Amino acid sequence: KYKEALDYYKKSEVIKVKLNDKYGLSGIYINLGNIFSDNKDSANAFLYLNKSLIISQEMKNEYYIGMIYNNMSKLYFEAGDLNKTMEYSEKGLALREKIGDKQGISYCLISKGNALASINKYNESLKCFNKAYTIGKEMNALEILKSSSEGLSKSYSKTKNFELAYNFHVIFKQTCDSLQNE
């Protein structure tokens, strides 16, 4: 599945380069970065995200730049570099707030919340997850509701607020079921 996707994106890359389609090429590089990230190949994920970042900055495409920053934040988190995780979460969040990208804001908040929870800053992580959850409810965005309710459940559990931890765990499970049935 991933190999086939890689093959198609590589073919698309050649076409986009020939057409000098920088917007399309930047999008391909983001997708290639995501494929490598999903396959735990962070070196290639960073390579393609950086390629996309350079092009996106040249084009002043703030939407793509915000997306790339958040994707890099997740890669740094998986690598255990919490300073870089926070740096790129903050950059992505600031940019997405600037352009009013609510979905992007919520994903940045979830990334930041996960990073904060990993260093036992649960009260701060709860603020991030709660903001993301509110946006998810406004947008009826199940993926956002799933990730934010999971973060809320875990962080409330760590702060010994077991009632809210349970309530958000139930929401998390219901949301997972809803996504499964889609």
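Modeller: The model is predicted.

The protein chain has nine helices and zero strands, and the pattern along the sequence is α-α-α-α-α-α-α-α-α. A compact globule of 182 residues would have a radius of gyration near 16 Å, and the protein chain agrees with this at 17 Å. The C-alpha trace spans about 60 × 35 × 30 Å along its principal axes. Of the contacts with a separation of 6 or more, 50% are made by residues 24 or more positions apart.

Of the 182 residues, 43% count as buried. The accessible surface of the protein chain is about 10200 Å², and carbon and sulfur atoms hold 51% of that area. As for charge, there are 26 positive and 21 negative charges, and their mean positions are 2 Å apart.

In soluble globular proteins, nonpolar side chains tend to be buried together. Here the largest nonpolar core has 22 residues, and Tyr29, Leu53, Ile68, Tyr69 and Met72 are those with the most contacts inside it. Two or more residues of this core come from each of helix 2 (22-38), helix 3 (42-59), helix 4 (62-79) and helix 5 (82-99). Helix 4 gives the largest share, eight residues.

With residues up to four places away in sequence left out, Tyr69 touches Leu53, Gln57, Tyr88, Lys91, Gly92 and Leu95. Leu53 and Tyr69 are both among the core residues with the most contacts inside it. Apart from this core lies another, of 19 residues, including Cys108, Leu116, Leu145 and Leu152.

Ser52 counts as buried because its relative accessibility is 0%, where the cut-off for buried is under 20%. Leaving aside neighbours within four places in sequence, Ser52 is in contact with Ser26, Tyr29, Ile30 and Ile68. Two of these partners, Tyr29 and Ile68, are on the list of core residues with the most contacts inside it.

Asn20 sits in the loop between helix 1 (2-19) and helix 2. Its phi is near 55°, a positive value in a residue other than glycine. Asn20 counts as exposed because its relative accessibility is 56%. Asn140 belongs to the loop between helix 7 (122-139) and helix 8 (142-158). Asn140 is not a glycine either, yet has a positive phi of about 55°. With 60% relative accessibility, Asn140 therefore counts as exposed.

One last residue gives a sense of distance across the model. Glu124 lies in helix 7, and at 39% relative accessibility it counts as partly exposed. Glu124 and Asp41 are separated by 83 residues in sequence, and their C-alpha atoms are 30 Å apart in space.

To return to the request: the core of 22 residues draws two or more residues from each of helix 2, helix 3, helix 4 and helix 5, with helix 4 giving the largest share.

Key:
Residues are numbered from 1 along each chain as its sequence is written. This is a predicted model: local features need pLDDT of at least 70, side-chain atom pairs count only at pLDDT 80 or more; totals for chains, interfaces and linings use all residues. Side-chain values use heavy atoms; hydrogens and water are left out. Helices (H or I, at least four residues) and strands (E, at least two) are DSSP runs, numbered from the N terminus. The radius of gyration is taken over C-alpha atoms; the globule rule is 2.2 Å times the number of residues to the power 0.38. Buried means under 20% relative accessible area, exposed over 50%, partly exposed in between (1.4 Å probe, protein chains only). Contact means heavy atoms within 4.5 Å. Accessible areas come from the Shrake-Rupley method with a 1.4 Å probe; for residues, only the protein chains shown count as cover. Lys and Arg count as positive and Asp and Glu as negative; His and the chain ends are not counted. The place of a charge is taken as NZ of Lys, CZ of Arg, CG of Asp or CD of Glu. A nonpolar core is a set of buried Ala, Val, Leu, Ile, Met, Phe, Trp, Tyr and Cys residues joined through side-chain atoms within 4.5 Å.
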